[in-house]
Amino acid sequence: MRALDLRIEGTDGRPAALSVCCGLHAGSQGLSRRSLREAWRLRLPAGALAGYPDRDTGGERVLLLTSGEIRNLVRHQVRELDALAHGLGMRLAHARPQGALWRQAMADERVALAVAHGIEATFLGLSVPAPEGSALAREAHRLGMRVIPVVVLRTPPGTLRLAPP
């Protein structure tokens with residue numbers, strides 16, 4: 001089953017933010033830099049997507065890492081993207097896990113806490129987009145972090161029909 005990434009746009013028809021791959025699970029520094037420039041051009045807040053270092057599947061394979069390893073992995077990826085953003089005169093606004101790490105952080109308290117600690121350890125004051133009630137939202141709230149509520153919609157393939165605007 002494939003998930004549909006449904007983004008609710010602002011009243012002017014533009015996305016509210018742009019999340020950028022940190023380069024370990026997919027993409028590259030060049031692609032991340034171009035994506036950050038596009039966010040700057042569109043005047044959108046940019047955020048980091050941190051995932052497992054699994055380029056073969058784009059971060060979709062679960063890796064069995066300790067909490068400390070997950071924390072360090074997330075912190076490293078977010079800091080790397082922040083350095084690229086800083087070089088362009090930008091600041092990141094949010095960070096969240098991607099792929100298999102995202103799915104684990106939704107339900108597994110240990111993984112969620114490690115991810116939240118990794119984001120917090122950057123000392124950038126980043127928000128954490130997460131569905132309300134998810135393990136990640138609970139752990140981020142518990143650490144005093146700002147959580148941006150998001151909705152994840154999953155439907156069987158071919159069953160969702162969107163009317164044109």
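Me: What order do the strands take in the open sheet, and is the pairing parallel or antiparallel?
Reply: In this predicted model, three strands make up an open sheet with the order β1-β2-β3, and they pair in parallel.

Me: Which strands stand at the edges?
Reply: Those are β1, residues 18-21, and β3, residues 92-97. Each has a single partner strand, so one side of each is left without a neighbour in the sheet.

Me: And by how many degrees are neighbouring strands turned against each other?
Reply: On average, neighbouring strands of this sheet are turned by 30 degrees, with direction ignored.

Me: How many bridges are there between β2 and β3?
Reply: Strand β2, which covers residues 46-50, pairs with β3 over five bridges in the parallel sense.

Me: What stands opposite Ala48?
Reply: Its counterpart is Ala95, in β3.

Me: Changing topic: how many salt bridges does a search of the whole structure find?
Reply: The search finds five salt bridges. One of them joins the side chains of Glu38 and Arg41, with an N to O distance of 2.6 Å.

Me: Where are Glu38 and Arg41 in the helix?
Reply: Both belong to helix α1, residues 29-42. They are three residues apart, so about one helical turn separates them. Glu38 is partly exposed at 32% relative accessible area, whereas Arg41 counts as exposed at 52%.

Me: What does Asp54 form a salt bridge with?
Reply: Asp54 forms a salt bridge with Arg61, and their closest N and O atoms are 2.9 Å apart.

Me: Is Asp54 buried or exposed?
Reply: Asp54 is buried, because its relative accessible area of 2% falls under the 20% limit for that class. Arg61, at 44%, counts as partly exposed.

Me: Which residue does Glu109 meet in a salt bridge?
Reply: The side chain of Glu109 meets that of Arg138, at 2.3 Å from N to O. Glu109 lies in helix α4, residues 109-120, and Arg138 in helix α5, residues 135-142, so the pair ties together parts that are 29 residues apart in sequence. Both residues count as partly exposed, Glu109 at 32% relative accessibility and Arg138 at 38%.

Me: Last topic: what pLDDT does the protein average?
Reply: The average is 83, and 81% of the residues score at least 70. Over residues 1-11, however, the pLDDT is below 50. Beyond near neighbours in sequence, that stretch has 13 contacts in the model.

Me: How should predicted coordinates be read where pLDDT is low?
Reply: They should not be read in detail.

Technical notes: Residues numbered from 1 in each chain as written. Predicted model: local features only at pLDDT ≥ 70, side-chain atom pairs only at ≥ 80, totals over all residues. Heavy atoms only, no water. Pairing = 2+ DSSP bridges. Helix = DSSP H or I, 4+ residues; strand = E, 2+ residues; numbered from the N terminus. Axes fitted to C-alpha atoms, helices over the stretch in contact; angles between N-to-C directions. pLDDT = per-residue confidence, 0-100. Contact = heavy atoms within 4.5 Å. Salt bridge = Lys/Arg side-chain N within 4 Å of Asp/Glu carboxyl O. Buried < 20%, exposed > 50% of the residue type's maximum accessible area, 1.4 Å probe, protein only.
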